[in-house]
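Thanks for coming, everyone. Please bring the model up on your screens, and we'll walk through it together.

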Amino acid sequence: MKKFIIFTITAFFALGFSRVFANTLVGEAENRGIDSTCLSHLTQLEDYHNLDGLNITFAHSADPSNHPSLHTSSKKYNNGSSFFAATLSPDSEFCYVSVNKFTVINNQSCSGVAQARLDEDSTINMKTYAEGSYIHIYPESNEYQLILVSTGDSSCAMLESQMLWPGK
């Protein structure tokens with residue numbers, strides 16, 4: 001009987017713990033009562049960035065649909081990790097969105113990452129600072145800013161920032 005009780009308690013905690021990892025960022029936001037327009041934008045962000053790691057939502061405790069909310073997702077890869085954060089700010093029928101995605105890559109240099117970006121889009125602007133320790137990448141439209149920071153011969157920290165005003 002004692003083994004059965006211990007097994008039941010262990011199974012209960014294991015299922016509860018796995019549920020934390022299984023919930024989507026949108027599911028977390030929906031459970032918290034985030035504004036429907038903002039929820040729609042978060043759905044698009046989650047799909048676009050393939051967010052399926054540990055997801056956490058911070059929202060106003062009394063009135064989440066009328067106040068800004070913070071949504072984070074962390075994911076571990078075999079060659080690094082990423083941290084995604086989006087702030088959603090409802091404004092009547094609009095929702096303003098700021099996005100930051102921080103990625104650590106352990107098997108590629110920043111110059112390699114920059115070259116891959118340049119190969120992908122030859123129109124982007126690129127500036128190098130401190131003898132290549134920092135690389136700033138941005139398109140003509142300034143729709144995003146990408147900062148690469150060298151963390152070793154074959155590792156790079158990458159921060160991508162973006163502000164969106166959907167509908168305005």
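Let's start with a disulfide. The link of Cys38 and Cys95 is right-handed, with 110° about the S-S bond. Cys38 sits in helix H3 and Cys95 in strand E4, 57 residues apart, so the pair links distant parts of the chain. Their sulfur atoms are 2.0 Å from each other. A disulfide here is a pair of cysteine sulfur atoms within 2.5 Å. Both Cys38 and Cys95 are buried. Buried means under 20% relative accessible area, exposed means over 50%, and partly exposed is in between, using a 1.4 Å probe and protein chains only. 

A word on where this comes from. The model is predicted: local features need pLDDT of at least 70, side-chain atom pairs count only at pLDDT 80 or more, and totals for chains, interfaces and linings use all residues. Residues are numbered from 1 along each chain as its sequence is written, and side-chain values use heavy atoms, leaving out hydrogens and water.

How many disulfides does a search of the whole structure find? Two. The other pair is Cys110 and Cys156, with sulfur atoms 2.1 Å apart. The torsion about that S-S bond is about 100°, so this disulfide is right-handed. Cys110 belongs to helix H4, residues 110–120, and Cys156 to strand E8. These two cysteines are 46 residues apart and link distant parts of the chain. Cys110 counts as buried because its relative accessibility is 3%. Cys156 is buried too, at 0%. Count the bonded cysteines along the chain, and the pattern is 1-2, 3-4.

Now the overall layout. The protein chain has four helices and eight strands. Helices (H or I, at least four residues) and strands (E, at least two) are DSSP runs, numbered from the N terminus. Along the sequence the pattern reads α-α-α-β-β-β-β-α-β-β-β-β. The chain has 168 residues, and 32% of them count as buried. It exposes about 10,400 Å², with carbon and sulfur atoms supplying 57% of that. Those areas come from the Shrake-Rupley method with a 1.4 Å probe; for residues, only the protein chains shown count as cover.

The largest nonpolar core has 15 residues. Such a core is a set of buried Ala, Val, Leu, Ile, Met, Phe, Trp, Tyr and Cys residues joined through side-chain atoms within 4.5 Å. Leu42, Leu45, Phe84, Leu88, Val97 and Val99 have the most contacts inside it. H2, H3, E3 and E4 each give two or more residues. H3 supplies the largest share, four residues. A second, separate core has twelve residues, including Val113, Ile124, Ile135 and Tyr144.

Take Phe84. Setting aside neighbours within four places in sequence, its contacts include Leu25, Leu45, His71 and Val99. Contact means heavy atoms within 4.5 Å.

Ala86 lies in strand E3. Is Ala86 buried or exposed? Buried, because its relative accessible area is 0%. Beyond its neighbours within four places, Ala86 touches Leu45, Ser69, Leu70, His71, Ser98 and Val99. The C-alpha atoms of Ala86 and His71 are separated by 5.2 Å, though these residues are 15 apart along the chain.

On to helix H2, residues 25–32. Its buried residues are Leu25, Val26, Gly27, Glu28 and Ala29. What covers them? Helix H3 and strands E1, E2 and E3 are among the elements that do. Gly33 follows H2, with a positive phi near 85°.

Then comes Asp35, in the loop between H2 and H3. Asp35 is buried, because its relative accessible area is 13%. A polar atom of its side chain lies 3.0 Å from the backbone nitrogen of Cys38. That is one of the cysteines in our opening disulfide. Asp35 also contacts Ser65 and Pro90, leaving aside neighbours within four places in sequence.

Last stop, the strands near the end of our tour. E6, residues 134–138, and E7, residues 145–152, run antiparallel and are joined by four bridges. Two strands pair if DSSP finds at least two bridges between them. Tyr134 stands opposite Val149 in E7. The hairpin of E6 and E7 has six residues between the strands, and Asn142 there takes a positive phi near 60°.

E7 also pairs with E8, residues 155–164, again antiparallel, through seven bridges. Leu148 stands opposite Met158 in E8. E8 is also where Cys156 sits, bonded to Cys110.

That's the tour. Over to you.

How values were computed. A polar contact is a pair of N or O atoms within 3.5 Å; within protein, one must be able to donate a hydrogen and the other to accept it, and residues adjacent in sequence count only if both atoms are side-chain atoms.
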